[in-house]
Amino acid sequence: MDGAALLKAEKKLTPHLAKVLVYDLLFGKGLKCGGRWKVLVLKHRARLQAELARLKVRRKVSCNEDLLAPTEGVIQALQVPRYVRVNTLKTCKDDVVDYFKRQGYSYLGRATRMEELSSLSGKQFLLDPHLPELLVFPPQTDFHENRLYVAGHIILQDKASCLPAFLLSPPSGSHVIDACAAPGNKTSHMAAILKNKGQIFAFDLDPNRLATMSTMLVRAGASCCELANQDFLTVDPSDPKYSNVTYILLDPSCSGSGMVNRLPAEESAPSSERLRALARFQRKALSHALRFPALQRLAYSTCSVQQEENEDVVWDVLQEHGPAFRLVNVLPSWPHRGLATFPGAECCLRACPAATLTNGFFVAVLERQQECTSQGSSSSLPAEAEVDGGAERSQDGEGRGPRSARKKRRKKSRCVK
Ligand SMILES: C[S@@+](CC[C@H](N)C(=O)[O-])C[C@H]1O[C@@H](n2cnc3c(N)ncnc32)[C@H](O)[C@@H]1O
């Protein structure tokens, strides 16, 4: 528009209206509007088209799309591998690996270092070094039409988003609450960990998201979930229905600032007012969750990279609840830890494209302190998985040597109060 001196020539044309009209003329379906604006812009058609052609020659590109400068988010999204979670309710890792091998993919085994994930190319794939049922393909691999995806045998889920259910790891038969559950990727992951034995009480405020979730759970074969369109803050912790709830996953609404393929950073940065409102809700929800009397272990997560929604929420609520709960030092080999804003914050996990090849994410695992438990011993707690040290779960989902892992974990659990 500058090159064609459009706004100089047409003083009555505002910049916003000019952009819409020129977009339609050059990139859209042509100028559909009638009246004087159409006449006015059509007068400049030849110059505008010539300027567009000149711009492409200058930038050495042949199609219009190539004129778009990739935003930071797009560049990061291009680097994040395609993660595929094997849905163990319907199949097993070895069968999925065999299927992809038959499709011409070459399986490189289990990765031991993150660098192996970033160097994947073509039709190569790996088993993730941290999560036992997560396959890793090169970025941009699209499986949305794949037979296994359509049949619910594989779930397309970012690695960071698999962490909360994996770290919570409720044993088969547990009663679990998924406080803010829709659209349900983490719920179906927990159902798989429970092997559909036990009960997941899943809440969400949004009926449309719950409807999507319901379809998704059927496709995934998750049959141990009870869905409720209810504000989690109104769920009564003293209701006998929840008296056996020992595990809670809380993944509340957040700013989503960690999602890489969103708007450019400057457009998506949440305002301080929005952050305050979100953090207020997140604190309330976390504090409410810790009131469930039989609760043993809780995973708190967000897809936000803001300290206000992550470390600050966890620290405020831990202080509010006194010594009853402590942070667990999860996945010690994970390279990116919580910001050191309070003693023990490094027990939390952070994720981001550069350090962990995932979307931006935060997870904290809280555990009831032994002496504060109302249920006696914490013997039902699951083994913790690590890259090194071999606590990787076997195909049927059982931990190796849960008792020794539990002992180890007690040592590693870091009391922050
Ligand atoms: C980050 S999303 C959850 C994503 C989900 N855990 C998953 O993995 O698919 C947050 C959800 O919290 C729901 N939500 C917000 N406030 C809520 C409340 N007070 N009670 C229950 N759900 C709530 C939103 O409707 C939204 O679906």
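**Cysteines and a pocket**

Cys 225 is buried, with 19% relative accessible area. Welcome to a short tour of this model, which is predicted. It takes in the cysteines, where the count of disulfides is zero, and then the second largest pocket, with about 620 Å³ of space.

**Cysteines**

- For Cys 225, the closest cysteine sulfur belongs to Cys 224 and lies 4.4 Å away, which is too far for a bond.
- If you were looking for disulfides here, the structure holds zero of them.

**The second largest pocket**

- This pocket holds about 620 Å³ of space, and 19 residues line it.
- Nearest the centre of the pocket are Leu 26, Phe 27, Leu 52, Leu 55 and Leu 67.
- Two elements each give two or more residues to the lining, namely α2 (residues 15-26) and α4 (residues 45-59).
- Of the elements, α4 gives the most to this lining, with six residues.
- Sorted by class, the lining has eleven nonpolar residues, six charged ones and two polar ones.

Technical notes
Residues are numbered from 1 along each chain as its sequence is written. This is a predicted model: local features need pLDDT of at least 70, side-chain atom pairs count only at pLDDT 80 or more; totals for chains, interfaces and linings use all residues. Side-chain values use heavy atoms; hydrogens and water are left out. On a 1 Å grid over the protein atoms alone, a cavity is a set of points where a 1.4 Å probe fits but cannot get out, and a pocket is an open set with protein on both sides within 12 Å along at least five of seven lines; lining residues have an atom within 4 Å of a point. Grid points are joined across faces, edges and corners, and a volume is the space filled by probe spheres set on the points. Helices (H or I, at least four residues) and strands (E, at least two) are DSSP runs, numbered from the N terminus. Ala, Val, Leu, Ile, Met, Phe, Trp, Tyr, Cys and Pro count as nonpolar, Asp, Glu, Lys and Arg as charged, and the others, Gly among them, as polar. A disulfide is a pair of cysteine sulfur atoms within 2.5 Å. Buried means under 20% relative accessible area, exposed over 50%, partly exposed in between (1.4 Å probe, protein chains only).
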